[in-house]
Amino acid sequence: MSSTPIPTITAFERSPDGGQGLARDTRVRWALEEVGQPYAVRLVSFAAMKQPAHRALHPFGQIPTYEDGDLVLFESGAIVLHLAERHAGLLPDDANARARAIAWMFAALSTVEPPILELVNARLLENDKPWNKERLPIVKDRVRDRLRELAARLGEADWLDGVFSAGDLLMVSVLLRLRRSGLLDEFPSLAAYVARGEARPAYQRAFAAQLAVARGTPPA
Ligand SMILES: N[C@@H](CCC(=O)N[C@@H](CSCc1ccc([N+](=O)[O-])cc1)C(=O)NCC(=O)O)C(=O)O
């Protein structure tokens with residue numbers, strides 16, 4: 001029986017996606033599973049997220065957060081990096097390869113995710129605006145540009161830079177948001193890349209855990 005306290009993350013009490021794994025706690029769960037770190041989950045309601053107690057952990061009143069002893073983190077990318085730096089399995093030992101893997105983490109969140117979020121917002125939050133019909137194709141083409149460039153770099157490789165890394169974990173997580181749009185299927189090599197990520201046992205465990213929350217069933 002381990003006496004070492006385990007880290008605690010926060011997640012939606014009721015995820016708007018009904019457990020499809022699109023909320024950002026899934027990528028943190030995935031990283032924890034990849035490094036073999038047991039963790040606890042504190043579920044928070046939308047209302048509780050905006051209260052002072054949660055804002056003391058997350059200045060923007062969001063999830064996920066990560067608590068481990070006297071360390072409190074927010075930002076899913078920072079949490080994944082923290083885990084990758086402290087455990088084997090998500091960043092290479094070689095210094096240059098490690099730096100490249102971290103560059104891919106930033107690329108996922110700073111270059112590929114923003115146009116995808118623009119598309120998500122255009123479809124979810126702006127679809128009743130008169131200008132949406134004109135804007136949507138422009139936003140879609142911005143996403144296509146990034147996907148085309150990413151596919152060109154990935155080529156026939158399994159992962160972005162040799163072995164699977166935290167860069168792939170975040171890139172796959174970002175690309176999963178595209179599934180409903182159909183845009184990912186326009187790039188078969190990227191759809192296969194995402195499928196490789198989803199096939200990883202660690203992802204499967206992370207997905208099942210967040211789905212169990214959505215279904216109100218206790219985790220296995
Ligand atoms: N940059 C931060 C962004 C965190 C964030 O966006 N958190 C969202 C949940 S993940 C984003 C998300 C939400 C829902 C779906 N979905 O498909 O239902 C997908 C992704 C949140 O707390 N939203 C509540 C709020 O802002 O008040 C990070 O990466 O951690």
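Here are some questions and answers about the ligand and the aromatic rings.

This is a predicted model, where local features need pLDDT of at least 70, side-chain atom pairs count only at pLDDT 80 or more, and totals for chains, interfaces and linings use all residues. Residues are numbered from 1 along each chain as its sequence is written, and side-chain values use heavy atoms, with hydrogens and water left out.

Q: Which residues come nearest to the ligand?
A: A residue is near a molecule if one of its heavy atoms lies within 4 Å of it. There are 14 residues around the ligand. The ones that come nearest are Lys50, Gln62, Ile63, Glu75 and Ser76.

Q: How far is the polar side-chain atom of glutamate 75 from a nitrogen atom of the ligand?
A: A polar contact here is a pair of N or O atoms within 3.5 Å. Glutamate 75 uses a polar side-chain atom, and its distance to a ligand nitrogen is 2.8 Å.

Q: What kind of pair do the rings of phenylalanine 12 and phenylalanine 46 make?
A: Searching the whole structure turns up seven aromatic pairs, meaning rings of Phe, Tyr and Trp (its six-membered ring) with centres within 6.5 Å; planes under 30 degrees apart count as stacked, over 60 as edge-to-face and the rest as tilted. For phenylalanine 12 and phenylalanine 46, the centres are 5.0 Å apart and the planes sit at 40°, so the pair is tilted.

Q: How many residues apart are phenylalanine 12 and phenylalanine 46?
A: Phenylalanine 12 is in strand E1 (residues 8-12) and phenylalanine 46 is in helix H2 (residues 46-49). Helices (H or I, at least four residues) and strands (E, at least two) are DSSP runs, numbered from the N terminus. The pair links distant parts of the chain, with a separation of 34 residues.

Conventions: A polar contact is a pair of N or O atoms within 3.5 Å; within protein, one must be able to donate a hydrogen and the other to accept it, and residues adjacent in sequence count only if both atoms are side-chain atoms.
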